[in-house]
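This report describes how parts of one protein chain pack together and where space is left between them. Please view the structure shown below alongside the text.

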Amino acid sequence: MRAQKADIILNNGLNLERWAQKLYNSVPKVPHITLTEGIKPVEIAEDAYKGKPNPHAWMSPQNALTYVENIRKALVNLDSANAESYNTNAKVYSQKIKEVDEKLRKAVSVVPADKRYIVSCEGAFSYLTRDYGLKEAYLWAVNSEQQATPKQLEKVIDIVKKNKIPVVFCESTVNDGAQRQVARESGARFGGVFYVDSLSPADGPAPTYLKLLEGNINTLTQGLEEK
């Protein structure tokens, strides 16, 4: 087992790796760190997982800073001889995240308050909407659907029409056909896809976590800015 040779295991927490306890029990000498430590959970609002913590905390640049700090502390504790290197790299990386954060804040500030929506396929943006004064609407709360039900489609179409939301999005890991239908029937534009649960290939738009954040913010801001 590769985990037996690990120096440390990093996990997201918030119930994302519910299977992992068996792994930790099998490698009791390998420390494991929960990267969402210190982040206030947002509860899933509906469906089978209602009331459970939404695990997608990494989607908010504000939370990303907490992830970086938790990783920094874990590595310094594990390998104190190289603490200076970890501290320097964390500072540089955090600054890049702060630049993404500032870009998003500026983009949101010029959108009329009643139009500050992220309409997506999955409810994966609850932390981002909370941290940046946005509202969200989605087809399903957790990405476990093969296709949207008529009821889910009707719900989102009604929200988009009622609030005159100009743009809707989907995620790279699911079929965007249902959301394109929402766009057609509501009069909104389809603004593209976000990367959420996976990275793109090396030559794609989201080959790293930082590129994922930057790409998602670019997709969102371009969608909100277009008339």
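On a 1 Å grid over the protein atoms alone, a cavity is a set of points where a 1.4 Å probe fits but cannot get out, whereas a pocket is an open set with protein on both sides within 12 Å along at least five of seven lines; lining residues have an atom within 4 Å of a point. Grid points are joined across faces, edges and corners, and a volume is the space filled by probe spheres set on the points. The model is predicted, with local features needing pLDDT of at least 70 and side-chain atom pairs counting only at pLDDT 80 or more, while totals for chains, interfaces and linings use all residues. Residues are numbered from 1 along each chain as its sequence is written, and side-chain values use heavy atoms, with hydrogens and water left out.

**Cavity and pockets**

By the rule above, there is 1 cavity of 30 Å³ or more. Its lining consists of Ile118, Phe125, Leu128, Phe194, Asn216, Ile217 and Leu220. Helix α7 provides the largest share of this lining, 3 residues; helices (H or I, at least four residues) and strands (E, at least two) are DSSP runs, numbered from the N terminus.

The table lists the spaces by volume and by residue class. Ala, Val, Leu, Ile, Met, Phe, Trp, Tyr, Cys and Pro count as nonpolar, Asp, Glu, Lys and Arg as charged, and the others, Gly among them, as polar.

| Space | Volume | Lining by class |
|---|---|---|
| Largest pocket | about 330 Å³ | 8 nonpolar, 4 polar, 4 charged residues |
| Second largest pocket | about 270 Å³ | 11 nonpolar, 1 polar, 1 charged residues |
| Largest cavity | about 30 Å³ | 6 nonpolar, 1 polar, no charged residues |

The second largest pocket is lined by 13 residues, of which Tyr67, Val68, Ile71, Tyr93 and Tyr209 are the closest to its centre. Helix α2 (61-78) and helix α3 each supply at least two residues of this lining, and α2 gives the most, with 6 residues.

**Helix packing**

Two packed helices are described by the angle between their axes and the distance between the axes. Axes are lines fitted to C-alpha atoms, for helices over the stretch in contact, and angles run from 0 to 180 degrees between N-to-C directions. Angles under 35 degrees count as roughly parallel, over 145 as roughly antiparallel, 65 to 115 as roughly perpendicular and the rest as oblique.

Helix α3 (residues 83-109) packs against α7 (residues 209-225) at an angle of about 10°, the axes being 10 Å apart. The two helices are therefore roughly parallel. Their contact (heavy atoms within 4.5 Å) includes Tyr93, Ile97 and Val100 from α3 and Tyr209, Leu213 and Ile217 from α7.

The axes of α2 and α3 come within 9 Å and cross at roughly 175°, so this pair is roughly antiparallel. Among the residues that meet are Leu65 and Val68 in α2, and Tyr93 and Ile97 in α3. The contact of α2 with α3 has 12 nonpolar, 3 polar and 4 charged residues.

A disulfide, a pair of cysteine sulfur atoms within 2.5 Å, joins Cys121 to Cys170, with an S to S distance of 2.0 Å. Cys121 is in strand β3 and Cys170 in strand β5 (residues 167-171), 49 residues apart. The link is left-handed, with -115° about the S-S bond.

Lys115 lies in the loop between α3 and β3 (117-122). Leaving aside neighbours within four places in sequence, Lys115 is in contact with Asn163, Lys164, Pro166 and Leu224. The C-alpha atoms of Lys115 and Leu224 are separated by 8.6 Å, although these residues are 109 apart along the chain.
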